[in-house]
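Have your viewer ready and follow along.

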Amino acid sequence: MYAHLWQGAATTAYERGKDYVEFAPDRVAMQDATAQMALLQFMQAGRKTVAVPSTVHCDHLIQAEVGAVEDLSKAKTQNKEVYDFLASVSNKYGIGFWKPGAGIIHQVVLEQYAFPGGMMIGTDSHTVNAGGLGIIAIGVGGADACDVMAGLPWELKFPKLIGVKLTGKLSGWTASKDIILKVAGILTVKGGTGAILEYFGDGAKSLSCTGKGTICNMGAEIGATTSIFGYDAKMGEYLRGTGRAEIADGADAIAEHLTGDDEVYANPESYFDQVIEINLSELEPHINGPFTPDLAWPISKFADAVKVNGWPDQMEVGLIGSCTNSSYEDITRAASIAKQASDNNFKAKAEFIITPGSEQVRYTVERMVT
Amino acid sequence: MYWTVGKAFNRSYKKNSIVTSYNSNFSKRNDGNPNTHAFVASPEITTALAIAGSLSFNPLTDYLTNDKGEKFKLEEPLGIEMPVKGYAVEDAGFQAPAEDGSKVEVLVSPTSDRLQILEPFKAWEGTDLKGLKLLIKAKGKCTTDHISMAGPWLKFRGHLDNISNNMLIGALNFFNEKTDNVKNQLTGEYGTVPGTQRAYKAAGVGSVVVGDENYGEGSSREHAAMEPRFLGVRAVLVKSFARIHETNLKKQGMLGLTFADKEDYNKIQEDDSIDIIGLTSFAPANNCKWFLTMLMEHQIPLM
């Protein structure tokens, strides 16, 4: 946070949870709903281009109803004037424009724009997804986006810090998702309010970059300002795999500055406002709900909970994807389960819907199976 | 991320269960059905449960039986972190901006009901404000959703004139305990809040919105601050503001004022004409009691 102050180098220590501080974000990302008024206002700022690199992502106005092709075509017809406006205003003011169908804003940001050590704002609560690549990414309203694009400082109450120490290693059925489902159960839907969750420890280093993104994404469900992992080898791999070797090289060169100091992680209680520890080797898969994401059930206890609470046991539909869990890794893990059912001539009992996070993931997955 | 699933299932509003690997499972989130029990799990657990079609299936311990009566257990999931041949895409769907955008025309139809190019708001006339009418004295909780309702109104979020027809329609009128029903002081008749305000605007009369504690809490929606400015409200006077809304009001050039003594909220009457005095000597130095207003015969100090 101190590396992103509007004033430049820090001259004072701020009180967490109390002081309002001005920052200078490096990027702005907007979804198509909130971008409209933000850009209509920006047009009045009298600038030739935006002050910081910015992008518009057409995803929120698409209603998932029938299937990818039909839904997209319907959205393009219904929202034509909005898309035409966003495309032209982006073209005029130096803003990258992602057309409807290109993917979900947070997945595209992770694939294309997030970088370790940066700070960005986005006009959606799940902007925090990008923390999986070691960037401070915070969800804001359209007015804040407009200010930053116009070259004004961005104000935030200096956040508290919650440390999440991950030991051990995931195995078997347990996934990154289960870490945040567990954390949500511990902190509840309000427990992260006004705080940044920082994940660290050997367990953190073993998680894939997109898995880290999933954990950061769902930090929004517990009210966290954002969540973040320090830069590590998995992030470097992901940057190289998504065509950003230069950024990976740059990050490797200053890697020690892109993560917490050893003494902080050795004595987290002295530096964080709260510390949670989770042993990944002992972590069970979790199922959270119903109606709230902080009701966390380890799978070994879930069948009893279903019975005791009288929840409908028959499952109507399973949905995977959306901005939380639609990486290549997620889809291959789910596919490996589906394939076993198919190999054993077992037909799925519930309806099953997949929403890949981006055109890049969709195309890459389709290429794999054809 | 609001990824509605809608019509694919659950048109009947019956009690049912679904599992997703999404992030949120609040009631009605995925399909608008309050009886849908939505659970969140990893993609692999979601897939396993969908295959079994049962919430109480535990893939770590339980077996499945196919139509031929053959029993089998699902093995642990195997994932590929990064595609072996790398990521690929034919058309990622990206449009890079023009090198020189000065000649690019922004496409907004003047007849659109969803988009409207903004005009700069009228600047302050440089004098104290006199003869403002009370538009509404909002009672109790007044969030940004009471000020600028969401739902069907969101389709007008790019059209300030149209979305302004939702201004304060959710706020409770202190004097008659009704929503979207206020007295037009020029005619003595009761009407909608936006309608009444448009009548004041047409008559060239400014107005004041009075509110309770934590006025404007909720979302950071800027429309809640733009609409009163657009329709000619001159000041929002409250016991206390939600911080983000106060900032948003000031960014739109609205006077966001608080009572120096919160009890003075009770002195505001339905037929009040309000003068805001002291604007010309407004300065950061005298940071308390910047303004005095006269409400009928009362003088109320403000901060």
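The contact (heavy atoms within 4.5 Å) takes in 124 residues from chain A and 106 residues from chain B. This is a predicted model, in which local features need pLDDT of at least 70 and side-chain atom pairs count only at pLDDT 80 or more, while totals for chains, interfaces and linings use all residues. Residues are numbered from 1 along each chain as its sequence is written, chains are lettered from A and ligands numbered from 1 in the order in which they are written, and side-chain values use heavy atoms, with hydrogens and water left out.

Here are the totals for the interface of chain B and chain A.

| Item | Value |
|---|---|
| Buried area | about 10,100 Å² |
| Share of that area from carbon and sulfur atoms | 60% |
| Salt bridges | five |
| Residue pairs in polar contact (both at pLDDT 80 or more) | 43 |

Buried area is the accessible area (1.4 Å probe) lost when two parts are put together, summed over both. A polar contact is a pair of N or O atoms within 3.5 Å, one able to donate a hydrogen and the other to accept it; residues adjacent in sequence count only if both atoms are side-chain atoms. A salt bridge puts a side-chain nitrogen of Lys or Arg within 4 Å of a carboxyl oxygen of Asp or Glu. Arg333(A) forms one with Glu44(B), where the closest N and O atoms are 2.3 Å apart.
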